[in-house]
Amino acid sequence: MTHNRRGASTEVKNENLEQQTMFDDLPSELLELIFSRLTLDNNIRASVVCKRWHSVATSVRVLSYAPWLMYRPLYGNQYEFYDPFHYKTYSIDLPELSGSIICYAKDGWLLLYGSETRQLFFFNPFTRDMIKLPGCDETTYLAAFSCAPTSSECVLFIVSYVSPSAVNISTCYPGAIEWTTVNYQNQLPLSMSSMIWNKVVFCNGLFYCLSFEGLLAMFDTDERSWTVLSVPLPKCRNNCVRDLFNEELMFMTEQEGNIIVITQCSSENPVVLKLDRTLMQWKVMRTLGGGTLFAGFMSSHSRIGLPRSMRNYVYFPVYGTEYKSTISFSLDDCSFYPHKNWFPPELIFCFNDIIWIEPPKDFSGFT
Amino acid sequence: MAEKASPSSNSISLKTVDGKIFKVSPAIANQMLTIQPLIKDSDSSTIISLPDVAAFHLTKIIEYLEGKPAAAPSAVDAFEAQFVKDLSPEELKGLLIAVGYLKVNGLVDLMANTVAKLIENKSVEYVRKFFGVVNDFTPAEEAKCRQEHAWAFDGVDED
């Protein structure tokens, strides 16, 4: 009865139906305001209520999620996870990780090195799936992978220091019985610290490596070629010396096919640089175009389409016994939030045993 | 000149859809962003009509703007919790529309959050009933929507 009258004549609506229909006629702008405050699961349920709610809920649905911080405990296996969007902390026992060192994280998976087994392995802390890998003879190395090991595209990559003029590069894939290792000569004359590769990221079929001195090299997984690029990273204003002990921190990630490096030198503000592949130059980015960067010692991430409050920020972890949180730098007004002086300086930009990791989309939290 | 000196000369008159006139201070009226441009040019004789706002809603809005503590976030939280506590769904909706129309500083957030909390962790059926929304999906359409994100339909509160 109600249903028919409502559809047939809207004029009588105000007189007779005010009691029965309550939120049916709420303007879409107001529904948007309400739905934009809902978490993904609540947004999805609201979208099934009726057709109009469906269109409003899907229009404000956030498709991208901020990675979480994973903290390795000083003792034992009680790991902590911090969700920077909901300011929530979870604690979970992961005995599987006992005696292992975290090397890299991507697509919700960790790459770890078992100090007893002396082997690399994959572990997903959300599903607790583990994937073993063949043993590798290299000893000092930087390791990374291209995408989730459950994908057929997944490639593992290790770069090891041999001498200032040479590197060993080992590759492998989940399910392989051994690693393929090839020795490459560096085409450019390099000093020792310029050849210690410190950061690695995969982008469009290439593994990019960044050295302590800010030099960039790339390994092509199809052609199996190693190229050191002559594009030195611009120096910070203090013009400090880049070596193994330098005070300048560097982070590297990839955003929509572009290589991004974040530099942070003591009291200076962070600088975000993008590699221009055609001009072979680093360009300073004044805006992230609504994107968000998450800088981490072992792996850094970028996101597009996060909630508005997180856009155009670079997030850094803050770590101390009392503090497990983040500090973020806004590219819009060039300031830190919260203020940098709020924290003891040794707790920010210190990255030991902290890694950014993306929870799966349907993950609502540890119980 | 003489009448400008009288105490009421500074106040702004707001007329609700049901014909009541409220006199508020410019500091209060200025927090209603929609009418802000009208306040500058108005004097004591001006009456600003608010076609989408009933007297009940304007009373609540003024109560909020006058009563909201200036300092401590914890005091604000307590005040806001008390403010929305006894509102019926119908009153919530009316107030949300009024506040959205007037763009009342702080209150838009509070009202949207309050309604969002009523949706959180509730089943689709409960939400339809509580908010009086008619389901215009066919059973097949609804099943398809649910199937796409089946995980989101587990673990909701009891209706």
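Tutor: In this predicted model, the buried residues of α3(A) pack against α4 (40–46) and α5 (51–60) of chain A, together with α6 (89–102) and α7 (107–119) of chain B. Local features need pLDDT of at least 70 and side-chain atom pairs pLDDT 80 or more, while totals for chains, interfaces and linings use all residues. Residues are numbered from 1 along each chain as written, with chains lettered from A in the order of writing.

Student: What are the buried residues of helix α3 of chain A, and what makes a residue buried?

Tutor: A residue is called buried because 20 or more other C-beta atoms, placed from the backbone, lie within 10 Å of its own. In α3(A), residues 28–35, that term applies to A:L30, A:L31, A:L33, A:I34 and A:F35.

Student: How many residues does each chain bring to the contact?

Tutor: Chain A gives 27 residues and chain B gives 31, where contact requires C-beta atoms within 7 Å. On the side of chain A, α1 (2–8), α3, α4 and α5 each give two or more residues. The largest share, five residues, comes from α4(A).

Student: Why is the crossing of α6(B) and α7(B) called left-handed?

Tutor: The crossing is left-handed, because that term is used when the near helix is turned anticlockwise from the far one by less than a right angle. The axes of α6(B) and α7(B) come within 9 Å and cross at roughly 150°, on a scale from 0 to 180 degrees between N-to-C directions, with axes fitted to C-alpha atoms over the stretch in contact.

Technical notes
Buried ≥ 20, exposed ≤ 12 C-beta atoms within 10 Å, placed from the backbone. Helix = DSSP H or I, 4+ residues; strand = E, 2+ residues; numbered from the N terminus. Contact = placed C-beta atoms within 7 Å.
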